[in-house]
Amino acid sequence: MLISLEGIDGCGKSTQARLLAQHLREAGRDVVLTREPGGSPGAEEIRRLLVEGAGERWSAETECLLFTAARRDHLERTIRPALQAGRVVVTDRFADSTRVYQGAARGELRDLVDRLHALMIGVEPDRTFVIDIPPATGLARGAARGGAEDRFESLGLGFQERLARGFRDLAAEHPGRVRLIDGSGTPEDVAARIRAAL
Ligand code: TYD
């Protein structure tokens with residue numbers, strides 16, 4: 001089974017991916033916890049190009065190609081081998097991030113994103129949990145965390161609001177696969193909601 005965690009910057013999905021992996025391991029599953037952009041040595045190198053530097057460093061088209069290249073490597077080297085070995089893969093972000101982030105940056109790119117996905121990836125998670133929080137809360141958490149990986153957070157509140165809308169639309173579009181999870185409360189509160197939904 002392939003499970004992805006999604007949401008805007010600072011929504012807490014990395015913590016939730018870790019808690020979900022831990023829960024599944026305690027239930028006796030063999031779990032691979034991974035992330036995007038990254039999750040394989042080559043994709044981690046591409047990650048640095050994507051998350052560091054100025055907000056306008058890449059055009060939206062170039063960004064789509066880089067995210068797709070990273071995802072292809074992640075799929076070939078990490079995800080597919082794990083699924084073939086019967087393991088459960090929990091990934092912190094997957095293709096929905098490209099749909100929403102690159103699609104939200106420039107609406108007309110959604111078609112390009114979908115075509116690239118069909119050509120090069122062609123896999124959807126079995127279940128996707130979107131952690132839903134107010135964009136201002138996410139942005140404040142990101143600022144408190146600091147660090148160099150702030151390229152997307154540097155695009156501001158308006159951008160985070162478009163992202164939040166994009167993720168909610170996706171959940172409405174794919175009700176079988178994508179579940180919106182209330183991200184308020186303690187990490188354990190949110191983890192319990194995810195476990196119940198799973
Ligand atoms: P991530 O490491 O999940 O950051 P965080 O833990 O702060 O949420 O992702 C890095 C950034 O890359 C994040 O701002 C979202 C963005 N991103 C895209 O724009 N498109 C994509 O396809 C992916 C996977 C991530």
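Does S97 count as buried or exposed, and at what relative accessibility? The points below lead up to the answer.

1. Basis. This is a predicted model, in which local features need pLDDT of at least 70 and side-chain atom pairs count only at pLDDT 80 or more, while totals for chains, interfaces and linings use all residues. Residues are numbered from 1 along each chain as its sequence is written, and side-chain values use heavy atoms, with hydrogens and water left out.

2. Fold. The chain contains 8 helices and 5 strands; helices (H or I, at least four residues) and strands (E, at least two) are DSSP runs, numbered from the N terminus. Along the sequence their order is β-α-β-α-α-β-α-α-β-α-α-β-α. The radius of gyration is 16 Å, close to the 16 Å that the globule rule gives for 198 residues, so the chain is as compact as a globular protein of that length. That radius is taken over C-alpha atoms, and the rule is 2.2 Å times the number of residues to the power 0.38. The C-alpha atoms fill a box of roughly 45 × 35 × 35 Å along the principal axes.

3. Of the 198 residues, 47% count as buried. Buried means under 20% relative accessible area, exposed over 50%, and partly exposed in between (1.4 Å probe, protein chains only). Of the contacts (heavy atoms within 4.5 Å) between residues at least 6 apart in sequence, 75% join residues at least 24 apart.

4. Partners of β3. Strands pair if DSSP finds at least two bridges between them. Strand β1 (residues 2-6) pairs with β3 in the parallel sense over 4 bridges, and I3 stands opposite V90. Strand β2 (residues 31-35) also runs parallel to β3, joined to β3 by 5 bridges; here V31 has V88 as its bridge partner.

5. S97. This residue belongs to helix α4, which spans residues 95-105. With a relative accessibility of 7%, S97 counts as buried. Apart from neighbours within four places in sequence, S97 is in contact with E6, Q102 and F167.
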